[in-house]
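Subject: A structure to look at

Hello,

Please find below the structure that I promised to pass on to you, with its sequence.

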Amino acid sequence: MKLLRGYLADFVSLLFPELCPACQASLVANEYIICSDCRYNLPYTNFHLQADNIVAQQFYGKIKVEAAYALYYFTKGGKVQNLMHHFKYKGMQRIGNLVGNIAGTQLAENSIFNTTDLIIPVPLHKKRLQERGYNQSTCFAEGLAEKLHAAVEDNNLQRKVATATQTHKSRFARFENMQEVFTIKHPERLINKHVLLVDDIVTTGSTLEACGIELLKIPGLTLSIATIAYAQ
Ligand SMILES: [Zn+2]
């Protein structure tokens, strides 16, 4: 029976092969979510090996960050964009856990990141969360947590108001807007902790900065940042 079920599974996958969300190639046996070619050849940043990387530079002179990292470079029309699209809009939550595991394996080798106590995902607004059914940053955080042996602190950092209209504002106005948006429900849980703040994509870093400003008000808290991708 077990053998038959195995044949059946092979037959079904022959008819409806699972596709790699990054390159659309059919997955073969032993490939999980992302094909082997993408697994090796997606544009890794290796920022865990470079303390003064371009993500860290986004925060210089703004907020004190112990270490900052992104797993991949994001380019328009590239494979990482395809991957992120499936992750955010096609219900493929599993991608977040997988890339979290991949990033976590790199970060566990880094002497700053491996002292992480708590991982905090940037919260989605409630309405967006209801539409999507999951916060993609939480999926990433859970994958990271497994490799860093840290806990995920969800729902402590909270978003107060929707920011859907902010794309029409100037960068400065946008930042002003963002500053009002985040609040911490239980700051006492974060005292003296090394917090890893995580998001899906970092561009200017203004969202992470706004969260960081709030977090750094907590006594003894040190802050590091990790994202799945960096987009210029
Ligand atoms: Zn692929």
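**What was found**

In the pairing of two strands, Val-195 stands opposite Leu-223 in β7, where strands are said to pair if DSSP finds at least two bridges between them, and where strands (E, at least two residues) and helices (H or I, at least four residues) are DSSP runs numbered from the N terminus.

Before going further, please keep in mind that this is a predicted model, in which local features need pLDDT of at least 70 and side-chain atom pairs count only at pLDDT 80 or more, while totals for chains, interfaces and linings use all residues. Residues are numbered from 1 along each chain as its sequence is written, and side-chain values use heavy atoms, with hydrogens and water left out.

**The sheet**

The pairing of β6 and strand β7 (residues 222-231) is parallel and extends over 8 bridges. Strand β2 (residues 118-121) also runs parallel to β6, to which it is joined by 4 bridges; here Ile-119 stands opposite Leu-196, and Pro-121 stands opposite Val-198. These strands belong to an open sheet of 5 strands with parallel pairing, in the order β1-β7-β6-β2-β3. Because β1 (68-74) and β3 (151-152) stand at the edges with a single partner strand each, one side of each is left without a neighbour in the sheet. As background, the side chains in a regular strand alternate between the two faces of the sheet.

How much of strand β6 (residues 194-202) is buried? The answer is 8 of its 9 residues, so that the strand is mostly covered, where buried means under 20% relative accessible area, exposed means over 50%, and partly exposed lies in between (1.4 Å probe, protein chains only). Asp-200 lies in this strand, β6, and counts as buried because its relative accessibility is 6%. The side chain of Asp-200 makes a polar contact of 3.0 Å with the side chain of Lys-88; a polar contact is a pair of N or O atoms within 3.5 Å, and within protein one must be able to donate a hydrogen and the other to accept it, while residues adjacent in sequence count only if both atoms are side-chain atoms. Arg-132 lies in helix α6 (residues 126-132) and, at 17% relative accessibility, counts as buried.

Together with β6 and β7, helix α9 (residues 206-215) makes a right-handed β-α-β unit, where right-handed means that, with the strands pointing away from the viewer, the path from the first strand over the helix to the second runs clockwise. Since 8 of the 10 residues of α9 are buried, this helix is largely enclosed by the rest of the structure.

Helix α7 (residues 136-148) has 13 residues, which at 1.5 Å a residue should span 18 Å, and this agrees with its end C-alpha atoms being 19 Å apart; the expected span is 1.5 Å times one less than the number of residues. Of these 13 residues, 10 are buried, including Phe-140 and Leu-144. At the start of α7, a side-chain oxygen of Asn-135 comes to within 2.9 Å of the backbone nitrogen of Ser-137, and just after the helix His-149 takes a positive phi of about 50 degrees.

**Positive phi in loops**

Most residues other than glycine have a negative phi. Asn-46, although not a glycine, has a positive phi of about 55 degrees, and is found in the loop between α2 (36-41) and α3 (54-57). Asn-192 likewise has a positive phi, of about 60 degrees, and lies in the loop between β5 (182-184) and β6. Asn-46 counts as partly exposed at 36% relative accessibility, whereas Asn-192 counts as exposed at 58%.

**The zinc ion**

Which residues coordinate the zinc ion? They are Cys-20, Cys-23, Cys-35 and Cys-38, each through its SG atom, at 2.3 to 2.4 Å; donors are N, O and S atoms within 2.8 Å of the metal (3.2 Å for Na, K and Ca), and water is not among the atoms, so sites may look incomplete. The site is tetrahedral, with angles of 104 to 114 degrees among its 4 donor atoms, and four donors count as tetrahedral if all angles lie between 85 and 135 degrees. Cys-20 is buried, with a relative accessible area of 0%, whereas Cys-23 is partly exposed at 28%.

Best wishes

Conventions. Four donors count as tetrahedral if all angles lie between 85 and 135 degrees; four count as square planar and six as octahedral if opposite donors are over 155 degrees apart and all others between 65 and 115; anything else is irregular.
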